[in-house]
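Please look over the model shown here before reading on. The notes are meant to be read next to it.

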Amino acid sequence: MQPLSESGLDVAHEQLLQRLDAAAMSSGALTDPDPDGDAFRRFLRAYYETATPESLALRDDVTLLAIARQHRALALRRQPDEIIVRVTPPALGERRAVVETVARDQPFLVDTLSIAVRAAGSAIDWSVHPVIRLSRDADGVLTGIGGDDAGAAESLIRLEFEPLASAEAHA
């Protein structure tokens with residue numbers, strides 16, 4: 001069994017989160033409307049805190065940072081009953097397609113999405129699924145991240161999978 005850090009995570013996982021935090025501070029990831037970066041850094045920690053260290057080790061720090069930045073951008077505005085879904089076929093030279101979602105947390109979201117990807121003829125290569133408490137204003141704009149009183153639990157899912165046969169299949 002791995003020793004635990006003060007946060008309750010194993011030490012290697014905590015070290016990875018600290019590396020990502022440092023990379024976020026030095027990479028220009030901290031952008032408007034969050035000029036000091038605290039909100040992004042809280043999001044980054046919450047985004048990867050429940051992922052397994054083994055799955056995170058499959059991606060380098062730069063990639064993990066980019067994934068979190070992209071998913072946060074997708075989550076910046078969402079109405080209470082809205083389900084946001086983005087499917088991205090692989091770019092030239094890429095090996096994986098991606099589906100990302102942002103929705104109110106509810107049972108079976110990952111299962112349903114995984115079944116849909118498999119039914120479309122693909123195998124899932126990598127995934128991350130944080131459930132994060134997010135506060136939003138009346139227009140659905142993200143105003144707070146994390147904490148027990150910071151709003152409703154929202155499910156963010158990212159699945160990376162083998163490319164499908166056609167653009168129609170991705171749609």
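Predicted model: local features only at pLDDT ≥ 70, side-chain atom pairs only at ≥ 80, totals over all residues.

1. For side-chain atom pairs, the requirement is pLDDT 80 or more.

2. Helices α1 and α2. Helix α1 covers residues 11-26 and helix α2 covers residues 38-49. Their axes come within 10 Å and cross at roughly 150°. Angles over 145 degrees count as roughly antiparallel, and α1 and α2 are therefore roughly antiparallel to each other. The crossing of α1 past α2 is right-handed.

3. Residues between α1 and α2. On the α1 side, the contact is made by H13, E14, L17, Q18, L20, D21, A24 and M25. Facing them in α2 are F40, R41, L44, R45, Y48 and E49. By class, this contact of α1 with α2 holds seven nonpolar, two polar and five charged residues.

4. L17 belongs to helix α1. Is L17 buried or exposed? L17 has a relative accessible area of 5% and is therefore buried, since the limit for buried is under 20%. Setting aside neighbours within four places in sequence, L17 is in contact with L9, R45, Y48 and E49.

5. Helices α1 and α4. Helix α4 spans residues 61-75. The axes of α1 and α4 come within 10 Å and cross at roughly 70°. That angle makes α1 roughly perpendicular to α4, the class that runs from 65 to 115 degrees. L16, R19, L20, A23 and A24 of α1 meet D61, L64 and L65 of α4. The residues of this contact of α1 with α4 comprise six nonpolar, no polar and two charged.

6. Helices α2 and α4. How do α2 and α4 pack, that is, at what angle and with what distance between their axes? The angle is about 110° and the axes are 10 Å apart. α2 is therefore roughly perpendicular to α4. From α2, the contact takes in A39, F40, F43, L44, Y47 and Y48. From α4, the residues are L64, L65, I67, A68, R69, H71 and R72. This contact of α2 with α4 has 10 nonpolar, one polar and two charged residues.

7. L74 in α4. L74 lies in helix α4. Its relative accessible area is 14%, so L74 is buried. Beyond neighbours within four places in sequence, L74 is in contact with I84, R86, E100 and V102. The C-alpha atoms of L74 and I84 are separated by 7.8 Å, and the two residues are 10 apart along the chain.

8. Strand β6 and its partners. Strand β6 (residues 152-161) is mostly covered, with eight of its 10 residues buried. Which strand pairs with β6 over eight bridges? That is β2 (residues 97-104), in the antiparallel sense. Within that pairing, A97 has F161 of β6 as its bridge partner. Strand β3 (residues 124-128) pairs with β6 in the antiparallel sense over four bridges, and V128 has R158 in β6 as its bridge partner. Strand β4 (residues 131-136) is also antiparallel to β6, over four bridges. Here, the bridge partner of R133 is A153 of β6.

9. S114 in α5. S114 is placed in helix α5 (residues 109-119). S114 counts as buried because its relative accessibility is 9%. Not counting residues up to four places away in sequence, S114 touches I124 and L159.

10. F108 is located in the loop between β2 and α5. Its phi is near 70°, a positive value in a residue other than glycine. F108 counts as exposed because its relative accessibility is 61%, the limit for exposed being over 50%.

Technical notes: Residues numbered from 1 in each chain as written. Heavy atoms only, no water. Axes fitted to C-alpha atoms, helices over the stretch in contact; angles between N-to-C directions. Helix = DSSP H or I, 4+ residues; strand = E, 2+ residues; numbered from the N terminus. Parallel < 35°, antiparallel > 145°, perpendicular 65-115°, else oblique. Left-handed = near helix turned anticlockwise from the far one by under 90°. Contact = heavy atoms within 4.5 Å. Nonpolar A, V, L, I, M, F, W, Y, C, P; charged D, E, K, R; others polar. Buried < 20%, exposed > 50% of the residue type's maximum accessible area, 1.4 Å probe, protein only. Pairing = 2+ DSSP bridges.
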